[in-house]
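Colleague: I am new to this one. Please take me through a single part of it, step by step.

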Amino acid sequence: MYKKQMVFQKVLCLITLIVGGLVFLYSLGIMTDLFDSLYSTMRKKDLTQTTVPGSYVYYEMQGFNQLFVKLAIGLILVTLVLFLTNTNVRRKYYVGNYFAILLNVAYGIGFSVWAHTQIEFYKAKFLQIDFVALKEHAETWDTLYTESTFWFDVHYVLFGIVLVLDVLLLANLLWKRSLMKGEKQLIGKGKEAAA
C-alpha cells in the first residue's frame, strides 16, 4: 500500500508543478489577441479616445495582467515548496510536509477564486466592445479581428485542474496519515509481542 501511495504523491507533485507552469504561460498569453486586435484602435494621446467604443478594455487589463503574471510565478514557487520539503518522495510526513501541502491548497484556492472573478469581469467588458466598428477597423488597418472569448474561457479548464489538484493533495495527505497511523500501530504490536 505504501508503494502505491509513494508513486501517487510523486506523480501528483510533478503534475502540480507542470500545471503551475501552464498557468504561468496562460498569464503571459491571455492578452495576445487583445493586443493584436485592440491596441491599434487607440490613435490619440488620450487613450480613452478610441476608434472603437469599448476597446479601452485592453488598457484597463494591464494592471490585472501584471498581477496575474506575478501570482502565476507565485503558484510555481509555492509548488516548489513541495519539492523542497521532499513531500514528493518522503515516506513519513513531518511538519514541513503538512505546511507545504496546506500552503499549496490555500494558495491554489485563493488564486483560482481571484483569477476567476477578475477574468469574468474583463470578459464582460470585452463583450461590450462595438464589434461592428472593430471589424471595420480591422479591415481598414489590416489588423486581427476577433470576437472570440477563448483566452478568457481557458481559465475554467486551468483553474479547474488547479482545484482538483488541491483536493488530491488533501486526499494524499489523509491517505499518508492513515498509512503512518497503521504503521505506528504495527510497530507498537511488534514491540508488545517482543516483550
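Which helices do the buried residues of α5 pack against?

Modeller: A word first: this is a predicted model. The buried residues of α5 pack against α2 (32-38) and α4. Now for the detail.

Start with the helix itself. α5 covers residues 131-141. Its buried residues are Phe131, Ala133, Leu134, His137 and Ala138. They sit on the same side of α5, because they cover an arc of only 150° around the axis. An α-helix has 3.6 residues a turn, so residues three or four places apart point the same way.

Turn to the other side of α5. There, Val132, Glu139 and Thr140 are exposed. Buried means under 20% relative accessible area, and exposed means over 50%.

Just after α5 comes aspartate 142, with a positive phi of about 55°. Aspartate 142 is not a glycine, yet its phi is positive. Its place is in the loop between α5 and α6 (150-194). Aspartate 142 counts as exposed, because its relative accessibility is 71%.

Now look at α4, one of the partners of α5. This helix covers residues 95-126. Serine 112 lies in α4. Serine 112 counts as buried, because its relative accessibility is 4%. Leave aside its neighbours within four places in sequence. Serine 112 is then in contact with Phe159, Val162 and Leu163.

Asparagine 86 has a phi near 60°, a positive value in a residue other than glycine. Asparagine 86 is partly exposed, with a relative accessible area of 33%.

One last stop, on the surface. Leu14, Ile18, Leu22, Leu25 and Leu28 form a nonpolar patch there. Together they have about 470 Å² of accessible area. Leucine 28 is in helix α1 (residues 2-29). Leucine 28 is partly exposed, at 47% relative accessible area.

Definitions and conventions:
Residues are numbered from 1 along each chain as its sequence is written. This is a predicted model: local features need pLDDT of at least 70, side-chain atom pairs count only at pLDDT 80 or more; totals for chains, interfaces and linings use all residues. Side-chain values use heavy atoms; hydrogens and water are left out. Patches are made of residues with over 30% relative accessible area and no salt bridge: like charges are joined within 9 Å, nonpolar side chains (Val, Leu, Ile, Met, Phe, Trp, Tyr) within 5 Å. Accessible areas come from the Shrake-Rupley method with a 1.4 Å probe; for residues, only the protein chains shown count as cover. A salt bridge is a side-chain nitrogen of Lys or Arg within 4 Å of a carboxyl oxygen of Asp or Glu. Helices (H or I, at least four residues) and strands (E, at least two) are DSSP runs, numbered from the N terminus. Buried means under 20% relative accessible area, exposed over 50%, partly exposed in between (1.4 Å probe, protein chains only). The arc is that of the directions from the helix axis to the C-beta atoms. Contact means heavy atoms within 4.5 Å.
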